[in-house]
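Work through these exercises with the model open beside you. Try each task before reading its solution.

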Amino acid sequence: MLQLADLHVTPQQRRKVAWVRSLADLAPDLVLSTGDHLGGDESAFENSLRAHEPFLHLPGAFVWGNNDHWAPVAKSPTRYFTRTTVHRRGHRLDLTGLREGLTAHGWLDLNNRRGSVQAGGLSVALAGVDDPHTRRDRYAAIAGAADRDADVRIALTHSPEPRVLDPMVDDGYDLVLAGHTHGGQVRIPMVGAAVTNCGIDRSRVRWMSDWTSPSGRTAPLHVSAGLGTSPYAPVRFCCRPEATLLTLIPRPA
């Protein structure tokens, strides 16, 4: 495995990698990634895998985010408010190397797939979709009731789009995990996030809430504010980078 000193990274990137690696001290039972493993092109794969290295021996799974599929390019941040500017993307990334690096030790690729793991002495049924923000989600590939024989049922999506959240809740997943929003990235004191960059309302842009589908079923939704920024907009305001440690407890009888 690569040594951190061997990587062509900036001191700031080196500190971020070291911080992520330090989270292994929390000794989680299960590690789930809701996408955006990258903030660059294919040259960032090694850096991302280095950050993940201490967790790869644990049960884990991942889905892709929009920044995994496309290299970043400079663009006006006003499009997040007006949606009138032309949507620009960099070149399409070949994710083969990153996928192989994450799955080599047993992590599950949940992009439009189901799977299961044993974690913390429990059986965990998992399902996920590829990035809804870039319309790569194919919920039909995983549709159907979640495994009722599992002890816990968890669904993953990068962008928390209602068209994906609704069927996940209806199919009986106990918890839905998402990312993408960066918690708003720039938050206004006493107001909160100005935008979510997806279909949920601003009150759900980060952390835990309950999502109720049109059928009336409800499940907890957790949206991580995440760690990163675009290299062309490296600013977070009133929204510190974060990873989340969730402790699951049984429902009251």
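## Exercise 1: A covered strand

All 5 of the 5 residues of strand 6 (residues 152-156) are buried, so this strand is largely enclosed by the rest of the structure. Keep in mind that the model is predicted.

**Task.** Determine which residues of strand 6 lie on one side and which on the other, and find the strands that pair with strand 6.

**Solution.** 
1. Apply the cut-off: a residue is buried under 20% relative accessible area.
2. Sort the residues by side. V152, I154 and L156 are on one side of strand 6, and R153 and A155 are on the other. Both faces are covered.
3. Look for partners. Strand 5 (residues 122-128) is joined to strand 6 by 5 bridges, and the two run parallel. Within this pairing, A125 stands opposite R153.
4. Now take strand 7 (residues 175-178). It pairs with strand 6 over 3 bridges, again in the parallel sense. Here A155 stands opposite V176.

## Exercise 2: Two helices

**Task.** Decide which residues of helix 5 are buried and what they pack against. Then do a burial count for helix 2.

**Solution.** 
1. List the buried residues of helix 5 (residues 96-103): L98, G101 and L102.
2. View helix 5 down its axis. Its buried residues fall within an arc of 95 degrees, so they line one face of the helix.
3. Relate this to helix geometry. An α-helix has 3.6 residues a turn, so residues three or four places apart point the same way.
4. Follow the contacts. The buried residues of helix 5 pack against helix 2 (45-52) and strand 2.
5. Turn to helix 2. Of its 8 residues, 7 are buried, and the helix is mostly covered. The buried ones are F45, N47, S48, L49, R50, A51 and H52.

## Exercise 3: Positive phi

**Task.** Is A27 buried or exposed? Is N112 buried or exposed? Give the phi of A27 and of N112.

**Solution.** 
1. Start from the rule: most residues other than glycine have a negative phi.
2. Take A27. Its phi is near 55 degrees, a positive value. A27 sits in the loop between helix 1 (11-22) and strand 1. Its relative accessibility is 59%, so A27 counts as exposed.
3. Take N112. Its phi is positive too, about 60 degrees. N112 lies in the loop between strand 3 and strand 4 (113-119). Its relative accessibility is 17%, so N112 counts as buried.

## Exercise 4: A pocket

**Task.** Classify the residues that line the second largest pocket.

**Solution.** 
1. Note the volume of the second largest pocket: about 190 Å³.
2. List the lining: K16, W19, V20, L227, R240 and P241.
3. Sort by class. The lining has 4 nonpolar, no polar and 2 charged residues.

Notes:
Residues are numbered from 1 along each chain as its sequence is written. This is a predicted model: local features need pLDDT of at least 70, side-chain atom pairs count only at pLDDT 80 or more; totals for chains, interfaces and linings use all residues. Side-chain values use heavy atoms; hydrogens and water are left out. On a 1 Å grid over the protein atoms alone, a cavity is a set of points where a 1.4 Å probe fits but cannot get out, and a pocket is an open set with protein on both sides within 12 Å along at least five of seven lines; lining residues have an atom within 4 Å of a point. Grid points are joined across faces, edges and corners, and a volume is the space filled by probe spheres set on the points. Ala, Val, Leu, Ile, Met, Phe, Trp, Tyr, Cys and Pro count as nonpolar, Asp, Glu, Lys and Arg as charged, and the others, Gly among them, as polar. Buried means under 20% relative accessible area, exposed over 50%, partly exposed in between (1.4 Å probe, protein chains only). Helices (H or I, at least four residues) and strands (E, at least two) are DSSP runs, numbered from the N terminus. The arc is that of the directions from the helix axis to the C-beta atoms. Contact means heavy atoms within 4.5 Å. Two strands pair if DSSP finds at least two bridges between them.
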